[in-house]
Amino acid sequence: LAYGSADNKIVGNKIYTSYGDSTDSLLNAYVGCPNNTFFDTDVTSTNAIGPKGGMYCGIHSSGCVFKGNRIRGNFARFGLGIESAWVPSTTETLSWAYGADSGLANFANAEMNYVVFQDNVLDITRAGTAAIYIGQHDNVQLRNCRFLTNQVLSNTPAWQLRAYSQNGIAV
């Protein structure tokens, strides 16, 4: 879901893909997508690199809930990710915007609130990634976001949890 998709419910799906890093995350809510629910969905990526992520919430998408989903396989950057802004000049290689066209600069950056990731199971098999990635960029804050009883089954990712803060804002 992107660019204004609001108040949707994605429930009980099975998603299998063999696409690689040029694809977005498989369960997405970004750029003006508030109050969406992703529940009880199985996501499997079989590509050696994988899409950017399994689940992702970013930029103007307050109030989204990701609950009871199962994410398996290879992902290029993270299994579960959340970001406050897209900053193409970032040096954070796990960021959705890393390496993106500079036209994204200042395109999407507004505080995000009340996003919940709960009871998700992450079995990430690609090394050099993060099971859970939290990125706070450009003085744009994440507020009242919750990460509750998620499970990481594999120790293959470089980070079980990677919290990045540009400009030293507490994450």
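Author: Contact means heavy atoms within 4.5 Å. Keep that in mind for this predicted model.

Reader: Which residues is Ile71 in contact with, leaving aside its neighbours within four places in sequence?

Author: Ile71 is in contact with Leu27, Val43, Gly54, Met55, Gly79, Val121, Leu122, Asp123 and Ile124.

Reader: Which residues touch the most other members of the largest nonpolar core?

Author: Ile71 is one of them.

Reader: Why is Val43 called buried?

Author: Buried means under 20% relative accessible area. Val43 has 0%, so Val43 is buried. Val43 sits in strand S5 (residues 42–45).

Reader: What is Val43 in contact with, beyond its neighbours within four places in sequence?

Author: Val43 is in contact with Ile15, Leu26, Leu27, Arg70, Ile71, Arg72 and Phe75.

Reader: How many residues apart in sequence are Val43 and Gln118, and what is the distance in space?

Author: They are 75 residues apart in sequence. In space, C-alpha to C-alpha, Val43 and Gln118 are 16 Å apart.

Reader: What makes Asn113 buried or exposed?

Author: The cut-off for buried is under 20%. Asn113 has 19% relative accessibility, so Asn113 counts as buried. Asn113 lies in strand S10 (residues 112–113). Not counting residues up to four places away in sequence, Asn113 touches Ser62, Gly63 and Arg143.

Reader: How do you know whether Cys33 is bonded or too far for a bond?

Author: A disulfide needs cysteine sulfur atoms within 2.5 Å. The closest cysteine sulfur to that of Cys33 is in Cys64, at 7.0 Å, so it is too far for a bond. Cys33 is also buried, at 0% relative accessible area.

Reader: And what is the distance from the sulfur of Cys57 to the closest cysteine sulfur?

Author: That distance is 4.2 Å, and the closest sulfur is again in Cys64. The limit is 2.5 Å. Therefore Cys57 is too far from Cys64 for a bond. Cys57 counts as buried, because its relative accessibility is 0%.

Reader: What does the count of disulfides come to?

Author: The count comes to zero disulfides.

Notes. Residues are numbered from 1 along each chain as its sequence is written. This is a predicted model: local features need pLDDT of at least 70, side-chain atom pairs count only at pLDDT 80 or more; totals for chains, interfaces and linings use all residues. Side-chain values use heavy atoms; hydrogens and water are left out. Helices (H or I, at least four residues) and strands (E, at least two) are DSSP runs, numbered from the N terminus. Buried means under 20% relative accessible area, exposed over 50%, partly exposed in between (1.4 Å probe, protein chains only). A nonpolar core is a set of buried Ala, Val, Leu, Ile, Met, Phe, Trp, Tyr and Cys residues joined through side-chain atoms within 4.5 Å.
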